[in-house]
Amino acid sequence: MKFSDETLLAYLEGSLDEAEARAIEDAVAEDSALEHRLMALDPFAQVVQQAFEGIPTEAPSIDLPIPSAQQSNAGPLRLLTVAASVAVIAASATFWATRPQALGWAEQAAIYQSLYSPDTIADLDNSQQTLDAQFVQAEAQLGRSLNRDVLENLPGLDLKRAQVLSFKGKPLVQVVFADAQGNPVAFCVIRQGAGAPVKDVNLAVLSGLATATWANDGYGYMLLGGDAQTDLSGELSVLTEAFSG
């Protein structure tokens, strides 16, 4: 059984009925790839996983001396107990001070996109009727045009889907393409709100994918290639001009 991202998001939000939720849980138990997709859609899963990976598998033990019958003064033992407590508190403080920082929207989107393969998008319905409905919904959520004519004419890319996701309550639209070899490429737009800082184009490799991010006029943008070596210059030139504010 296949589950769309929209259905998985509905599961995470708890809006599916019991039968639908049970079907997903049964499938996740048998399909590790589906489990990874589900975790990628959960903004907290990666943070929690990294936090728990940083916790030692065995708690440190402290051997305290056993008081003897001759010990009439409990002072030294009390001091040692206090010292041990301070050590535990210090260890806890160190853990919280060094705990992983929450991932931003671009990092989360890259993790999600890195799970895509050619098979993920091979059978997507990209008929005009389906794309019409998807773009109407996406543009309504974002509150701006997605310049569909520009996206449909990016050189070497076949427009496959536009879907609405969410990051910390902000609408995030992922537009997916297939390159000439069928590899997934994506362009993401998030509504950040008035007053969000303007950012120049930044090139980076995130989750094994070449990426370019920039921001202006209250929106953040991200172009993601199929792997770390993808040359984004051609598409980036078109998109930065079309989404310049």
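Which residues does Leu224 touch, not counting residues up to four places away in sequence? The legends below take up this point first and then turn to other close-up views.

**Figure 1. Surroundings of Leu224 in the predicted model.** Leu224 touches Ala109, Ala110, Gln113, Val185, Ala186, Cys188, Leu209, Ala210, Thr211 and Leu232, with residues up to four places away in sequence not counted. Here, and in every legend, contact means heavy atoms within 4.5 Å. The model is predicted, so that local features need pLDDT of at least 70 and side-chain atom pairs count only at pLDDT 80 or more, while totals for chains, interfaces and linings use all residues. Residues are numbered from 1 along each chain as its sequence is written, and side-chain values use heavy atoms, with hydrogens and water left out.

**Figure 2. The largest nonpolar core.** This core has 32 residues. A nonpolar core is a set of buried Ala, Val, Leu, Ile, Met, Phe, Trp, Tyr and Cys residues joined through side-chain atoms within 4.5 Å. Buried means under 20% relative accessible area, exposed over 50%, and partly exposed in between (1.4 Å probe, protein chains only). The residues with the most contacts inside the core are Leu8, Trp105, Leu172, Cys188, Met222 and Leu224. At least two core residues each come from helices H1 (5-12), H2 (18-30), H3 (32-41) and H6 (105-114), and from strands S1 (158-167), S2 (170-178), S3 (184-191) and S6 (219-224). Helices (H or I, at least four residues) and strands (E, at least two) are DSSP runs, numbered from the N terminus. H6 gives the most to this core, namely six residues. A second, separate core of 27 residues includes Leu142, Leu154, Val173 and Ala212.

**Figure 3. The protein chain as a whole, for orientation.** The secondary structure comes to 10 helices and six strands. Of the 245 residues in the protein chain, 35% are buried. Among contacts with a separation of 6 or more, 56% are between residues 24 or more positions apart.

**Figure 4. Packing of H1 against H3.** Two packed helices are described by the angle between their axes and the distance between the axes. The axes of H1 and H3 come within 10 Å and cross at roughly 65°. Axes are lines fitted to C-alpha atoms, for helices over the stretch in contact, and angles run from 0 to 180 degrees between N-to-C directions. H1 and H3 are therefore roughly perpendicular to each other; angles under 35 degrees count as roughly parallel, over 145 as roughly antiparallel, 65 to 115 as roughly perpendicular and the rest as oblique. The crossing of H1 and H3 is right-handed (left-handed if the near helix is turned anticlockwise from the far one by less than a right angle, right-handed if clockwise). Asp5, Leu8, Leu9, Tyr11 and Leu12 of H1 make the contact with Leu34, Arg37, Leu38 and Leu41 of H3. By class, this contact of H1 with H3 has seven nonpolar, no polar and two charged residues. Ala, Val, Leu, Ile, Met, Phe, Trp, Tyr, Cys and Pro count as nonpolar, Asp, Glu, Lys and Arg as charged, and the others, Gly among them, as polar.

Figure 5. The axes of H2 and H3 come within 6 Å and cross at roughly 120°, which makes H2 oblique to H3. Ile24, Ala27, Val28 and Glu30 in H2 meet Ser32, Leu34, Glu35 and Leu38 in H3. The residues of this contact of H2 with H3 divide into five nonpolar, one polar and two charged. The axes of H1 and H2 come within 10 Å and cross at roughly 105°, and H1 and H2 are therefore roughly perpendicular to each other. In this pair, Thr7, Leu8 and Tyr11 of H1 meet Ala21, Ile24 and Glu25 of H2.

**Figure 6. Ala162 in strand S1.** Ala162 lies in S1 and is buried, with a relative accessible area of 5%. Leaving aside neighbours within four places in sequence, Ala162 is in contact with Gln134, Phe135, Gln174 and Val175. Ala162 and Ala138 are 24 residues apart in sequence and 7.0 Å apart in space, C-alpha to C-alpha.

Figure 7. Asp42 is placed in the loop between H3 and helix H4 (45-53) and is partly exposed at 24% relative accessibility. Apart from neighbours within four places in sequence, Asp42 is in contact with Leu12 and Gln108. Ser207 is in the loop between strand S4 (199-206) and strand S5 (209-216), and its phi is near 50°, a positive value in a residue other than glycine. Asp217 is in the loop between S5 and S6, and at 54% relative accessibility Asp217 counts as exposed.
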